[in-house]
Amino acid sequence: MASRASNFCIDAADPYAQTMWWAQVLEDFTVDDSWEMKADDEECGLVGPDDRYLLVLKVPEPKTVKNRMHVCLRPTDRSR
């Protein structure tokens, strides 16, 4: 099955703060004003090239080792 990266998800204690940090670091990803993100949101994100997203998700457990991130794939040669 051929796939492409649909979005990238990062776990965080403070999704809004992490999203604003990534917005400053990644020039190809920007804040989508239609999302109306707020500081207490449990999910925040940036839109990037080719409608790819960087999503930052709130998790309850504290970080104990490296940052947690996963890539969501979307098939390109068939439907889901």
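Q: Is Arg52 buried, partly exposed or exposed, and what is its relative accessible area?
A: Arg52 is partly exposed, because its relative accessible area is 22%. Buried means under 20% relative accessible area, exposed means over 50%, and partly exposed is in between (1.4 Å probe, protein chains only).

Q: What kind of model is this?
A: This is a predicted model, where local features need pLDDT of at least 70, side-chain atom pairs count only at pLDDT 80 or more, and totals for chains, interfaces and linings use all residues. Residues are numbered from 1 along each chain as its sequence is written, and side-chain values use heavy atoms, with hydrogens and water left out.

Q: Back to Arg52. Which residue does Arg52 meet in a salt bridge?
A: Asp50. The N to O distance is 3.3 Å. A salt bridge here is a side-chain nitrogen of Lys or Arg within 4 Å of a carboxyl oxygen of Asp or Glu.

Q: Why can side chains pair like that?
A: Side chains of opposite charge can pair when their charged atoms come close.

Q: Where does Asp50 lie, and is Asp50 buried or exposed?
A: Asp50 lies in the loop between S3 and S4. Asp50 counts as exposed because its relative accessible area is 56%. Its phi is near 55 degrees, a positive value in a residue other than glycine.

Q: What about Glu36, what is its phi?
A: Glu36 has a positive phi of about 50 degrees, and Glu36 is not a glycine. Glu36 sits in the loop between S2 and S3. Glu36 is exposed, with a relative accessible area of 61%.

Q: Let's zoom out. How many helices and strands does the protein have?
A: One helix and five strands. Along the sequence the pattern reads β-α-β-β-β-β. Helices (H or I, at least four residues) and strands (E, at least two) are DSSP runs, numbered from the N terminus.

Q: What box do the C-alpha atoms fill?
A: Roughly 40 × 30 × 20 Å, taken along the principal axes. Of the 80 residues in the protein, 26% are buried.

Q: How many salt bridges are there?
A: Four. One of them joins Arg68 and Asp11, with the closest N and O atoms 3.6 Å apart. That pair links distant parts of the chain, 57 residues apart. Arg68 is in the loop between strand S4 (53-58) and S5, while Asp11 is in strand S1.

Q: How exposed are Arg68 and Asp11?
A: Arg68 counts as partly exposed, at 32% relative accessibility. Asp11 is partly exposed too, at 23%.

Q: Which residue does Asp41 form a salt bridge with?
A: Lys38. The closest N and O atoms of that pair are 3.4 Å apart. Asp41 is buried because its relative accessible area is 17%. Lys38 is partly exposed at 48%.

Q: How does the lining divide by residue type?
A: Six nonpolar, three polar and six charged.

Q: Now the surface. Which residues form a nonpolar patch?
A: Met69, Val71 and Leu73, with about 310 Å² of accessible area together. Patch residues have over 30% relative accessible area and no salt bridge, and nonpolar side chains are joined within 5 Å. Leu73 belongs to strand S5 (residues 69-75). Leu73 counts as exposed at 59% relative accessibility.

Q: Where does Ala39 lie?
A: In the loop between strand S2 (30-31) and strand S3 (43-47). Ala39 is exposed, with a relative accessible area of 58%. Ala39 and Ala17 are 22 residues apart in sequence, and their C-alpha atoms are 7.3 Å apart.

Q: Last one. Where does Trp21 lie?
A: In helix H1 (residues 15-25). Trp21 is partly exposed, with a relative accessible area of 43%.

Notes: Nonpolar A, V, L, I, M, F, W, Y, C, P; charged D, E, K, R; others polar. Patch = residues over 30% accessible without salt bridge, like charges linked within 9 Å, V, L, I, M, F, W, Y side chains within 5 Å. Areas by Shrake-Rupley, 256 points an atom, 1.4 Å probe, with all protein chains shown as cover.
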